[in-house]
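Colleague: I am new to this structure. Please walk me through how to read some of its features.

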Amino acid sequence: LRIAFIHPDLGIGGAERLVVDAALGLQSLGHSIDIYTSHHDPSHCFDETRDGRLRVHHVVPPLPRSIRGKFHIMLAHARQLHLTLRLLRTSAQQYDVFFIDQLSTCIPFLRMFCGKRVVFYCHFPDKLLANGAYVEGRRVRKIGILKSIYRFPMDWLEEFTTTQADVILANSQFTARVTKSHFSSLRHQLKVVYPGINIAAYISPIDSSDPDILQVASQRRTLLSLNRFEMKKNAALAIEAFAILRKKNPSTSNVRLVLAGGYDPRLEDNIQTLKSLIKLAQSSGLTHNVITPPQSHVTVPPFPSITPNEPDILFLLNFTTSQRSGLLQAQSTVALLYTPANEHFGIGPVEGMICGLPILACDSGGPTESIVDQPAEQRTGLLCSPEPSVWAEALEEICNLSDTDRKALSQRARDRAQRLFGMEAMAKSLEEVLQEAVSMGPVSRTRMWLVVLACLGLLAALIIRYGSFSG
């Protein structure tokens with residue numbers, strides 16, 4: 001098959017890792033893959049997107065990501081429409097099927113003007129993230145009138161365009177359940193295809209003389225966290241639990257915490273998150289350092305009171321592939337900490353399991369599907385409520401594992417990751433879905449005119465809605 005991927009921002013993150021691994025996996029099965037994106041910075045991306053292993057088409061939009069930190073989703077829709085228009089004018093007709101993720105804006109246009117089928121991969125509905133972290137079972141926080149007016153068309157557009165996909169996939173049972181319950185017009189039965197990772201990339205021998213690895217290596221026992229520097233990832237939980245552990249158990253004075261993840265100086269959330277984490281480390285009496293890989297073009301923000309040599313906490317911004325592998329495979333790394341609550345899936349625990357690390361994660365969302373906590377003889381990690389004291393106790397338990405128990409848990413983790421979350425398993429599942437979509441035949445253009453009528457309905461609804469607010 002000739003498959004076109006459309007992804008809004010091809011940076012460094014879990015969604016981007018999925019896109020890269022899905023493309024590589026399908027490519028290995030003999031399919032032709034092209035990735036289209038509105039943003040691709042060679043200095044801030046995964047290696048496979050810049051070294052020629054994948055064909056990436058960067059369509060530079062004439063629109064910013066935001067205006068004074070506002071209107072992110074509106075501009076994201078507009079940027080994707082710009083990309084879609086460019087694709088329709090040039091090469092869209094050469095593809096057999098389209099694979100879309102994150103933003104669904106382009107789906108009806110591709111179906112209407114190309115007559116080709118579309119598969120949409122749902123990471124999580126944006127409408128549920130607009131007001132902060134989503135917690136299943138908790139009522140959505142009320143918002144002001146102005147934001148309601150702004151969000152109404154954005155949320156309607158997301159739901160309407162998502163339902164236009166021929167096949168809808170979800171990254172976990174959690175995401176599938178939540179999406180179905182909050183998209184009332186959705187008639188599709190969502191299929192779950194778990195994100196898979198390129199196992200070979202995680203278990204390949206590492207070069208201990210690599211300057212990137214030497215930069216982050218340490219003989220000290222290491223607790224590792226891999227997450228973007230975003231508030232919703234709640235890395236503060238790791239710092240607070242680590243501080244309690246250090247005070248409670250003097251024998252852990254030789255343990256360090258490494259917080260590694262994507263950092264984009266264009267994003268205010270990233271900037272403020274890093275600042276708040278460093279402030280928390282300082283108030284907890286923990287030394288710290290902030291570094292980037294030698295070849296990184298991102299300038300480390302100036303922070304006072306850093307400790308260059310063997311800090312208690314190492315903040316690693318935009319780690320390289322070799323640094324990730326080096327930290328995950330290091331004999332000194334004793335656990336991977338995955339701090340987000342209600343995470344939609346979370347590739348971090350899978351990365352840790354394939355390297356045989358015990359995982360500590362929150363007891364909600366996708367990690368409850370990837371990690372086995374009970375029964376103890378099948379355990380691959382610990383699922384705990386996101387409370388620093390609870391996590392500190394779990395960290396102490398992990399640090400005190402006997403060699404026998406650690407080896408047994410490590411093998412169980414590897415076996416589970418290879419069986420359920422390998423790139424090959426994901427690629428084969430995606431291949432089946434894409435072939436299913438193509439087998440549906442060309443899209444009926446007549447039927448797609450209903451989309452136009454629905455858009456007119458949206459305009460009428462907006463007028464009525466705005467009128468009711470104004471009145």
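Modeller: Start with Pro 375, in the loop between helix H12 (367-370) and strand E14 (381-384). Helices (H or I, at least four residues) and strands (E, at least two) are DSSP runs, numbered from the N terminus. The peptide bond from Gln 374 to Pro 375 is cis, with omega near 0°.

Colleague: What should I know about the model itself?

Modeller: It is a predicted model: local features need pLDDT of at least 70, side-chain atom pairs count only at pLDDT 80 or more, and totals for chains, interfaces and linings use all residues. Residues are numbered from 1 along each chain as its sequence is written, and side-chain values use heavy atoms, with hydrogens and water left out.

Colleague: How do I read a sheet? In what order do the seven strands of the open sheet stand?

Modeller: Strands of a sheet pair through backbone hydrogen bonds, either parallel or antiparallel. Two strands pair if DSSP finds at least two bridges between them. Here the order is E3-E2-E1-E4-E5-E6-E7, and the pairing is parallel. E3 and strand E7 (191-192) stand at the edges with a single partner strand each, so one side of each has no neighbour in the sheet. Strand E6 (residues 167-170) is joined to E7 by two bridges. Leu 169 has Lys 191 as its bridge partner in E7.

Colleague: Which strand pairs with E10 over four bridges?

Modeller: Strand E11 (residues 313-317), in the parallel sense. Asn 289 has Leu 314 as its bridge partner in E11.

Colleague: Now burial. Is Thr 84 buried or exposed?

Modeller: Buried means under 20% relative accessible area, exposed over 50%, partly exposed in between (1.4 Å probe, protein chains only). Thr 84 lies in helix H2. Its relative accessible area is 1%, so Thr 84 is buried. Contact means heavy atoms within 4.5 Å. Leaving aside residues up to four places away in sequence, Thr 84 touches Cys 106, Phe 109 and Leu 110.

Colleague: Which residues other than glycine have a positive phi?

Modeller: Asn 234 has a positive phi of about 55°. Asn 234 sits in the loop between strand E8 (221-226) and helix H8 (236-248). Its relative accessibility is 28%, so Asn 234 counts as partly exposed. Ser 305 also has a positive phi, near 60°. Ser 305 lies in the loop between E10 and E11. At 60% relative accessibility, Ser 305 counts as exposed.
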